[in-house]
Amino acid sequence: MLKRYIPFVLVFILFFSCSEKNDSTAFQIDQLLRSATWRIADYSEDGTDQTSQFSGGTLNFISGSEIQTRINGGVENGIWTLSIDPADPNQNTVNIAFFFNSGSTFSKINRDWTVVSYSNTRIDMIYNRPSDQAVFDLVLQKN
């Protein structure tokens, strides 16, 4: 009789262990971003390097979902969010979205980026534009 419930128990354990792992990954990335200032080490649009537009700029992930950037002596504020992609059936995908005013230097990164990899000093992200399948790459490096 108990053998009938074993598959359900295994699925239950697997579901909750994956969920905790992914919440933990999102939490780790959130804490990592808030731990220091960052710079854009690489930004490319469909293979074309555009990193120089952000030369000397920094990103500071501050309270709540506010982000403050500094570039060329100016300060620009925006919003950022971090989430687990609901479209991923395994919920293994962490997304970071940026929202800056259209006139902002940093408005070029206004996208919902997928985190590809991360370490204590670097976060690699990618965005695939649905309209034409262009690929954008963004790498943040800790200062």
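pLDDT is the predictor's confidence in each residue, on a scale from 0 to 100. I began there, since this is a predicted model.

**Entry 1: confidence.** I looked up the average pLDDT of the chain and found 85. A score of at least 70 is reached by 84% of the residues.

**Entry 2: the fold in outline.** I listed the elements and got one helix and nine strands. Reading from the N terminus, I noted the order as α-β-β-β-β-β-β-β-β-β. I also checked the contacts with a separation of 6 or more, and 43% of them join residues 24 or more positions apart.

**Entry 3: surface and burial.** My chain has 143 residues, and 36% of them count as buried. Its accessible surface comes to about 8500 Å². Carbon and sulfur atoms account for 54% of that surface.

**Entry 4: a visit to Gln-141.** Where does Gln-141 lie? I found Gln-141 in strand 9, which covers residues 135-142. Is Gln-141 buried or exposed? Its relative accessible area is 17%, and the cut-off for buried is under 20%, so I put Gln-141 down as buried.

Next I asked what the side chain of Gln-141 reaches. The answer is the backbone oxygen of Thr-121, at 3.1 Å. Leaving aside neighbours within four places in sequence, I wrote down the contacts of Gln-141: Trp-38, Arg-39, Ala-41, Thr-121 and Arg-122.

Technical notes
Residues numbered from 1 in each chain as written. Predicted model: local features only at pLDDT ≥ 70, side-chain atom pairs only at ≥ 80, totals over all residues. Heavy atoms only, no water. Helix = DSSP H or I, 4+ residues; strand = E, 2+ residues; numbered from the N terminus. Buried < 20%, exposed > 50% of the residue type's maximum accessible area, 1.4 Å probe, protein only. Contact = heavy atoms within 4.5 Å. Areas by Shrake-Rupley, 256 points an atom, 1.4 Å probe, with all protein chains shown as cover. Polar contact = N/O pair within 3.5 Å; in protein donor to acceptor, adjacent residues only side chain to side chain.
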